[in-house]
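I opened this entry to record what I looked up about the contact between the chains and about the nonpolar cores. My notes follow the order of the look-ups.

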Amino acid sequence: MEIATETTDPVPETELIRQVIAGDPAAERRLYDAHVDRVYRLCHRLASGDSGLAQDFTQETFVRAFSRLPEFRSQSKLATWLHSIAVSVSLNGMRRVKRWHERERPIDDAVDVGAIPRQAEPDLKSRLRSAIEKLPETHRVVFVMFDVEGYTHEEIGEVLQIPTGTSKARLSRARARLREDLADFAGDWA
Amino acid sequence: MTDETRMEEGIARLAKQLDPPGDAPREEMWAAIQRARAEAAADAAAASQTGDAPGAADVTNVVAFPTAAPRSHAWLRYGAPLAAMLILGVGIGRMTMDRSSQNPQASADARGTGTADLGTQPEQTVAQRPATADTDTAADVTAAAPDPVLAQLDRPPVTRVTPNDGGPALARSTRSGSSSNAGTVVRDEATRTYDTMLPYRIVARRHFGRVQTLLVSLPADVREGHINDVAVRAADLLVNTRLLLDSPAAEDPDLRLLLGDLELILAQAATLSPTRSADDVEMIQNAVNQRDVLLRLRAATAGPRLAGT
């Protein structure tokens, strides 16, 4: 099972990798162009829709990939390897961001100090966003990759280096958690 | 189809519509990637000079999530080669100065022609050199993208002289006894000066970023009880600040002033004690605020967002 790329490069992947390792800048750019869109999409989803973070994570993914390409042993497809790095970079990056945010209090919080709390019901989208955020990291990745970005369980298994069954189990648990969190809106989908 | 399945499908459909990713900003990211790689290459070159080649630990964890190393060790890992490189640089700088002082005429030529060159080549500042595809040398790769700090450090210590305004450039060349091929000599000298300054520019930029991180997280770190860690990091940064003050990076008056302020603040942070940390932190924050240190550091480290930064 292979993860698709955006463009069909006439140069075979192994040859392209060899050229990149040899320092051919045109080959580097071809490799980047072939994979950047899907890597960016994945990073964007894992960064909870933050374009700036997605950009950072994508850049970091390619920086790491170029520096470690000589170690790539072609046991998996290049796309799978790249997406593994993207997931690793994004999850680590989001952990740092979360740690940082835990130290901050938004200025808006100060406005509500002493005020009567608002009872307005958040809409379905914001509830869903928050429910996805609350999912355990391992479940969230699988949900985002399978249900949102359309990866198969085999692809997810290769990228995350987990058995296909584990991927399916995590997806099932993630969906169950989301159903519970959004139970108020169950009628909307009936 | 059960209600559960219908709901799951609805959730998946809605999740796809949440913050949909737009088109990837390919060119912008490509430029940043090239720049980050250039910096990494410069770091590697500097590390190889100090004998700190990247080991196996640096190339692991592509897939697995890296485990956090003790923070003080991480600072030491980067701080030690940094300090060693600075010491080496200061030594080379002093040796060069000694040689120049033994040959005052050559020294005068270099000073005069260096200034004239900056005037005759206003478009070719470091930040604006054409990016080359070959990323083998630190000079080439670092010149690939604009960098406010590099540009600031590139400022000549005297007023720039434009090439076609007659007097000063010509007068300077004449005074220093330059011949008709002075332009070539000037460019060579400026290139040499640029190459010599390059490590200092990179180190200064990195250093300011690290100090900024320390100062921003200082109150929270102290609150969480990481006082010793803060003090160790501040002491490392203080050493580097003092080395930078003795380096050509401090030739720029603004940077010298900033480094001077950082020296005082870091000296306070390096002596933080658990018994009276609240007072110390308040004193440090007052100093930071009064001197607009964070603002100046931000200005010094501002630039396009980099990968991993």
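This is a predicted model: local features need pLDDT of at least 70, side-chain atom pairs count only at pLDDT 80 or more; totals for chains, interfaces and linings use all residues.

Entry 1, a salt bridge. B:Arg26 is joined to A:Asp37 by a salt bridge, and their closest N and O atoms lie 2.8 Å apart. I then asked how many salt bridges the rule finds across the interface of chain A and chain B. I noted eight.

I looked up which helices of chain A each supply at least two residues to the side that touches chain B. I listed α2 (25-46), α3 (51-68), α4 (78-102), α6 (124-134), α7 (137-148) and α9 (164-181). Sorted by class, this side of chain A holds 23 nonpolar, eleven polar and 19 charged residues.

I found 53 residues from chain A and 49 residues from chain B in the contact. The area buried between the two chains is about 4600 Å², and carbon and sulfur atoms give 61% of that area.

I noted 64 residues in the largest nonpolar core, where A:Phe62, A:Val87 and A:Phe143 have the most contacts inside the core. α4(A) contributes the largest share, ten residues. Leaving out residues up to four places away in sequence, I recorded that A:Phe62 touches A:Leu31, A:Tyr32, A:His35, A:Val36, A:Val39, A:Leu82 and, from chain B, B:Ile33. I also logged a second, separate core of 39 residues, among them B:Leu215, B:Leu262, B:Val288 and B:Leu297.

Methods
Residues are numbered from 1 along each chain as its sequence is written. Chains are lettered from A and ligands numbered from 1 in the order in which they are written. Side-chain values use heavy atoms; hydrogens and water are left out. Contact means heavy atoms within 4.5 Å. Buried area is the accessible area (1.4 Å probe) that two parts lose on being put together, summed over both. A salt bridge is a side-chain nitrogen of Lys or Arg within 4 Å of a carboxyl oxygen of Asp or Glu. Helices (H or I, at least four residues) and strands (E, at least two) are DSSP runs, numbered from the N terminus. Ala, Val, Leu, Ile, Met, Phe, Trp, Tyr, Cys and Pro count as nonpolar, Asp, Glu, Lys and Arg as charged, and the others, Gly among them, as polar. A nonpolar core is a set of buried Ala, Val, Leu, Ile, Met, Phe, Trp, Tyr and Cys residues joined through side-chain atoms within 4.5 Å. Buried means under 20% relative accessible area, exposed over 50%, partly exposed in between (1.4 Å probe, protein chains only).
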